[in-house]
Amino acid sequence: MQGRRLAVAMQGVAVLGAAALLGACATTPIDDEQGPATGPVTLTFQSLAFQEPSVAATKKIVDDWNAAHPDITVNLSQGSWDAVHDQLVTQFQGGTAPDVIHDESADIAGFARQGYLADLAPHIPAATRAAVPQGVWDAVTVDGKTVAAPTLLQTYVVFANTALLQQAGVALPTGPTLTWDALAAAAKQATTPSAKGLGWGLRQPTATVVGLGPNFDAKFFTGSGDTADVVIGDAELEVPRRIHQMAFTDGSLDPTSLTQSGTDVVKAFLGGRYAMIVAGSFIAQQIKEGAPPGFSWTVLPPLAGTSANQAANPQTLSVPADSPNVAQAAAFIDHYMQAQNLAAVAQGEWLIPTSAAARDAVTTATGGKDGWGATLAGADNLVTAPFQTVTKYPQWKDQIATPALQRYLANQIDLPTLRTQLADGWKQVAG
Amino acid sequence: MTARRAGQYVALLAYLVFLAFPLLWLLSTAFTTPAELARAGSGLLPGAPTLDNFVDVLQRRNLAGAAWNSARVALGATVLVLVMALPAAYGLACFRTRLKVVANGWVLVSQVFPVILVVIPLFLILRQVRLNDSLVGLTVVHAVYALPFALWMLQGYIAAIPRDVEEAGVMDGAGRWRVLWSIMAPLLAPGLVATAMFTLISSWNEFFFALVLIQSDTKETLPLMLARFVGAEGQVQLGALAAGALLAIVPSLLFFAAVQRRLTSGLLSGAVKG
């Protein structure tokens, strides 16, 4: 009997231990019904600034704010792009999200639709609103609410090894745009036994394909929210078709690069294995840092099909709907959006600031060198993309579009099969 | 040396190279400048070795603070697991009760649930008791997460100890607790060390719970800090990441080196031999 009692006691030790620990730490329940803040408040700002100059610029923005607003203190914390979505899912559920959330418009649309983000429209001054093009504001407008302030933008640009192009007799384009036909011709001409004309890191191809899709007026989706439907026509398939053609028909694009990331391809570019690469504008930082002595490079004019349009997917600053300090958080966001601040962060990340005044400041600071001139010019071509308002887009992107495009760009399936897989896959995802 | 023996050495060498290569690459990357890492064709050995990556992670990224947080959480979780798992495993291994079947079944079932499924309810519970954004909360979570497997491990070790030893203690007048702490626990040293190693390493490396529960920079653990070297769209600060990762594995290596002898010697000290 003694043994049995002891057994029961011992088996309960683990459960009791955990319960005691939790119980000992428990205090009063948390008040979920917080009203608007009065008196001094403290805000938390989770920044995703990545490059060191951008991290420093963000810290300075916060320090300047705190010095000027002793009654509204901002505590800066550092997050990571890789994990922000998972983090926000739980933080919104638990009501512990930061007062100012750094993310991107494609990611926050789902949270906004679930009602987690505050409408900033009443709190954004007219001057700040006017400084950013309406098309960019549209990218952060969900169900008529302005759920974020758009801060930085990325475009896909063509980086060129000017020496290799000149050796191949390719004249550097000087027009306002570079057509896809001209890109294909230049890549073909620059291809030699030792170097390919083009490298393109497309390990995750969907973002690039839908981002450059507006070059050919691709929509990908009609409608919005839960009622959206997919559209996969010739326009939507034009970007992958042209990439595939350069890789497997022209032989001017290295197929291996299609399986690599953008940063991987830069190494081969700097090693002289590619005359050109297509990548996000931020890659310029890596090129600048790693370029060997004497390496000459430039950013070519924006790519254009029927237009030079690209999908705008701006980085954003949002405020949780349940924050008791929405007005104060919005005031800090407005401070962040001021031209000099936005310019400093954009320059650090090698991205495009959303306001024209901030772009001017970057131009002044950089003199348009290191590709900044062509990169900043791309801002005029950014348009709202339909996919950003589609609730199931992230799921379709990860589960359907990315693997299907990877198979197509590995020459495993043909274009009609790609079309079928993208369309049928949407039916699975959308139910 | 026979050809057969030579072949064995070659195979062993190849296996060692296979195992060591990632570590060598990490070592090399940690001492390579970002500019060299960005260029193609850089070899395994850095062209101009530098300590800048280590200076970066230690001075500007607060690696030491994150390591201290990780150490506190990992040690706390390890102690909690050992204190809870030893008596519980002893009870489950030695006594035949209906609770044993239920408890073992529950332990097994608890391992089936994916982390992503439990993390939101767990987060809400911890928030209610104000243990979110708390190293104490993270310690409890890591302990609870490691406990089921620790129970299974220790049950196996306890079952392997001959009952004669236990009965001899009882014959000499020792009670159950005395038997457990004075006879079983020393014989279980290898099992306890192995369990401690498992728990410590699991907690030291754990990322997802820490990501969800910890919000303050001052409370971030090592895996969280290292994750911040990875940016959007495949951007990685490779040199700093390698330097941080290299420093992060040093405590694990030291711990293994310290307990390895204890682990093997304990296994050899048979209780009923002779």
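Helices, as the word is used here, are DSSP runs of H or I with at least four residues, while strands are runs of E with at least two, and both are numbered from the N terminus. The structure is a predicted model, in which local features need pLDDT of at least 70 and side-chain atom pairs count only at pLDDT 80 or more, whereas totals for chains, interfaces and linings use all residues. Residues are numbered from 1 along each chain as its sequence is written, and chains are lettered from A and ligands numbered from 1 in the order in which they are written.

Helix H4 of chain B, residues 63-94, holds 32 residues and spans 45 Å from its first C-alpha to its last, close to the 46 Å expected at 1.5 Å a residue, where the expected span is 1.5 Å times one less than the number of residues. Within H4(B) there is a kink of about 30° at Ala85(B), shortly before the proline Pro87(B); the bend at a residue is the angle between axes fitted to the seven residues ending there and the seven starting there.

Elsewhere in chain B, Asp52(B) belongs to helix H3, residues 52-60. Asp52(B) counts as partly exposed because it has 15 C-beta neighbours inside 10 Å, on a scale that calls a residue buried if 20 or more other C-beta atoms, placed from the backbone, lie within 10 Å of its own, exposed if 12 or fewer, and partly exposed in between.

Turning to chain A, the secondary structure comes to 18 helices and 19 strands, and the C-alpha atoms fill a box of roughly 85 × 65 × 45 Å along the principal axes. Of its 431 residues, 53% are buried. Among the contacts in chain A with a separation of 6 or more, 75% are between residues 24 or more positions apart, a contact being a pair of residues whose C-beta atoms, placed from the backbone, lie within 7 Å.

The domain assignment divides chain A into domain 1 (6-153 + 313-386) and domain 2 (156-310 + 392-430), with bounds that come from an automatic or database domain assignment. Their C-alpha centres lie 30 Å apart, and 19 residues of domain 1 of chain A are in contact with 22 residues of domain 2 of chain A. On the domain 1 side, the elements giving two or more residues are helix H4 (105-113), helix H16 (372-377) and strand S19 (382-383) of chain A, and the largest share, three residues, comes from H16(A).

Chain A also contains an open sheet of five strands in the order S2-S1-S3-S17-S6, with mixed pairing. Strand S2 (72-78) and strand S6 (149-150) of chain A stand at the edges, each with a single partner strand, so one side of each has no neighbour in the sheet. Strands S3 (residues 100-104) and S17 (residues 315-318) of chain A run antiparallel and are joined by four bridges, where pairing requires that DSSP finds at least two bridges. In this pair, Ile101(A) has Ser318(A) in S17(A) as its bridge partner.

Two loop residues of chain A deserve a look at their backbone angles. Asp217(A), in the loop between helix H9 (205-212) and strand S11 (221-222) of chain A, has a positive phi of about 65° although it is not a glycine, and is partly exposed, with 14 other C-beta atoms within 10 Å. Asn411(A), in the loop between helix H17 (393-409) and helix H18 (415-430) of chain A, has a positive phi near 65°, and counts as exposed because it has 12 C-beta neighbours inside 10 Å.

Methods. Two residues are in contact if their C-beta atoms, placed from the backbone, lie within 7 Å.
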